[in-house]
Amino acid sequence: MPKRTRFTTWRPLATAATAALLATLLTPAAAQAAPRGSEPVYSYEKAIHEAVWVDTGLDGDGDGKADRVAVDIVRPREPARQGRRIPVIMDASPYYSCCGRGNESQRKTYDANGDVVQMPLYYDNYFVPRGYAFVGVDLAGTNRSDGCDDVGGRSDIQSAKAVVDWLNGRAKAYTTRTGTTRAKAAWTNGRTGMIGKSWDGTIANGVAATGVKGLKTIVPISAISSWYDYYFQQGAPLYDSGPEWLSDYVNSPDAREKCGAVQQKLVDGAPRTGDWTPLWTERDYVKAAKKVKASVFLVHGMQDLNVRMKHVGQWWDALAKHGVERKIWLSQTGHVDPFDFRRATWVDTLHRWFDHELMGYDNGIDREPMADIERRPDQWSTSKVWPPTGTRATTLRPDRGTQAGVGTLGLDRGHGTETFTDDPKLSETDWAAQIDKSTPEKAGFVTGPLTRDLRLSGSSEVTVTATPSTPTAHLSAVLVDVGPDTIRDYADAGEGITTLTNRTCWGASTAGDSSCFKEAKAKTADVDYTVVSRGWADLGNHASDGKGSPLTPGKRYTITLDLAATDHVVPKGHRLALIVAGTDKGLIDPPADTPKLALDLSRTSADVPFVGGPAAFARATAGAALTPPVAALLDGVREPRTTHRVPEGTQ
């Protein structure tokens, strides 16, 4: 990992002048007591609410006119009167009308003049009194914007990038959707931070990947880094639909009438073969990480089975390669906002992050640990850097045991073969529940009980050499912590939280926009095993991640599956297991055939990032006697839900 670079600290002119004056008039102790963060000194009730339409320069709906995207603004009135310009927090979303934002699915509401009354979520309530403007952008084709939503493509990204350009004086905006009266952003200094969960956070990633000037930081929550990896993994289809379904889902009624051509391009450009096409290249932000100039505060659930953790690992590593300043939170939840799993700490941390990045306060957040990781429900640990220094990939090798399909996992090369038959009716939970039992649908390999804790941190790879019996075959590889624990129930409808009835308030309220939201608490499950990381592939993609081909039955193929990033401690007394199987029900779609596969164990291995590397694994497994397996059915969470097709996931 490249050496971590420090933030560049700056102060607004007014802040610097005030600090200098205080330093001359006060004692050293009093001067040091100057504020280290923004305070709620401005009136939210009297805040300016206005709307502008920004020209994107595109004509996605083909009506012969440049598309304009609707931009709703809430900003404090006082700074403009004082001649002060302020920074912007922006959430660009396709969900402001069709589906709502947050745990309570809030939508924008408007007054008779068309100005926003309720801005979803708490960002405006909390940050506007502290001297920020909040900007909610309707992506092209959604709510009050022109154009067509193209699911992460040029139209989506330009919808938000054009607004950043306008805030910095480089784009045109108008006071109405069709009029000619220009709107200027003279009230802002152009310093912009983007935030959002899921699709919204994805747009933040995509805009940052353009390198647009003025975007100083992004806070992507449960966000996509490459849209191919939302629909496929190495050729294996993750859902039974493509981006055209999503586009139709969020487009306004007016856009649906005009956007047939865009819909067809999405169909043609995203074939269900799983082959990489130019459509996916356009929607791959990872490849453009070298353009990112904004700092990144990334938040994700390690059990997110909607926007899966692969998006985190590849984006994080690419940002690190190019020296981007980063911070990360990893929870035990699924697709859940930190406002609903760590509320008070989250609001405080986000406040200090924006204060540092957008207002220039030297509040020390840049000197705090890079990573916060949830170890048990509501119990968090930190890492100075992530993955921790000393983390190295360790090659683990499966070997045969005393029963078919119930093998061992260690450092020595394995021998012989193991076979399994794809059963699309079963999932990773079925395989893990019977890890100690010989079953026909999986091959499992387990260490003995560990003699000390063993920490995994980062992304793993599993190389499989297999001989299929049919022309098509899908593979799954799963790492499992076998041992009793209490975890967040990520497979529950709330994905690890339970929404309560009592409310807490975060910022100022008005009659039309309350800052009070329902509280949530951890929804837990007592389990005998925990799935730690997963990966999938179409064996037909053995020669190329982006191009599949029919298999020759009876021929041996080798493929390396990418497993999702994670950070997990396997406790002393637990066992670490590797499972290789076929279709993972609910997480990938089955192949056209029902193959039987024979694994060549001498050519099958897993590269797992352990803190301390191979030596740590050797120490943790030293003296770990391999006990005879007991064919007991282990308890875990329910099988993965199959309904995720929208990168939103409101509870």
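Q: What is the strand order of the open sheet of 11 strands, and what kind of pairing does it have?
A: In this predicted model, the order is S5-S1-S2-S4-S3-S6-S7-S10-S11-S12-S13, and the pairing is mixed.

Q: What makes S5 and S13 the edge strands?
A: Strand S5 (173-174) and strand S13 (379-383) each pair on one side only, and that puts them at the edges.

Q: How do you know that S1 and S2 are paired?
A: Two strands pair if there are at least two bridges between them. Strand S1 (residues 48-55) and strand S2 (residues 68-75) are joined by eight bridges and run antiparallel, so they meet that cut-off. Among the bridge partners, His-49 has Val-74 in S2, and Ala-51 has Asp-72 in S2.

Q: What makes S1 and S5 a pair?
A: The cut-off is at least two bridges, and S1 and S5 have two, in the antiparallel sense. In this pairing, Val-54 stands opposite Ala-173 in S5.

Q: Why is Gly-190 called buried?
A: Buried means under 20% relative accessible area. Gly-190 has 0% relative accessibility, so it counts as buried. Gly-190 is found in strand S6 (residues 188-197).

Q: Which residues is Gly-190 in contact with, leaving aside its neighbours within four places in sequence?
A: They are Ile-86, Leu-167, Asn-168 and Gly-214. His-474, by contrast, lies 284 residues from Gly-190 in sequence and 49 Å from it in space, C-alpha to C-alpha.

Q: Why does the span of helix H13 agree with its 17 residues?
A: At 1.5 Å a residue, helix H13 (residues 343-359) should span 24 Å, and its end C-alpha atoms are 23 Å apart, so the two agree.

Q: What makes H13 mostly covered, and what follows it?
A: Of the 17 residues in H13, 14 are buried, that is, under 20% relative accessible area. Next comes Gly-360, with a positive phi near 85 degrees.

Q: How do you know that H5 reaches close to the span expected at 1.5 Å a residue?
A: H5 has 14 residues, for which 20 Å is expected, and the reach from its first C-alpha to its last is 20 Å. H5 is also mostly covered, with 13 of its 14 residues buried. Gly-169 follows H5, and its phi is positive, near 80 degrees.

Q: Why is H5 called roughly perpendicular to H6?
A: The axes of helix H5 (residues 154-167) and helix H6 (residues 199-208) cross at roughly 75 degrees and come within 9 Å. Angles of 65 to 115 degrees count as roughly perpendicular, so H5 is roughly perpendicular to H6.

Q: Which residues of H5 and H6 meet?
A: Asp-156, Ile-157, Ala-160 and Lys-161 in H5 meet Trp-199, Ile-203, Gly-206 and Val-207 in H6. By class, this contact holds five nonpolar, one polar and two charged residues.

Q: What makes H8 roughly antiparallel to H10?
A: Helix H8 (residues 243-250) and helix H10 (residues 260-269) pack at about 155 degrees, with axes 8 Å apart. Angles over 145 degrees count as roughly antiparallel, so that is what H8 is to H10.

Q: Where do H8 and H10 meet?
A: On the H8 side, the residues are Pro-243, Glu-244, Ser-247 and Asp-248, and they meet Gln-263, Leu-266 and Val-267 in H10. Three residues of this contact are nonpolar, two polar and two charged.

Technical notes: Residues numbered from 1 in each chain as written. Predicted model: local features only at pLDDT ≥ 70, side-chain atom pairs only at ≥ 80, totals over all residues. Heavy atoms only, no water. Helix = DSSP H or I, 4+ residues; strand = E, 2+ residues; numbered from the N terminus. Expected span 1.5 Å × (residues − 1). Buried < 20%, exposed > 50% of the residue type's maximum accessible area, 1.4 Å probe, protein only. Axes fitted to C-alpha atoms, helices over the stretch in contact; angles between N-to-C directions. Parallel < 35°, antiparallel > 145°, perpendicular 65-115°, else oblique. Contact = heavy atoms within 4.5 Å. Nonpolar A, V, L, I, M, F, W, Y, C, P; charged D, E, K, R; others polar.
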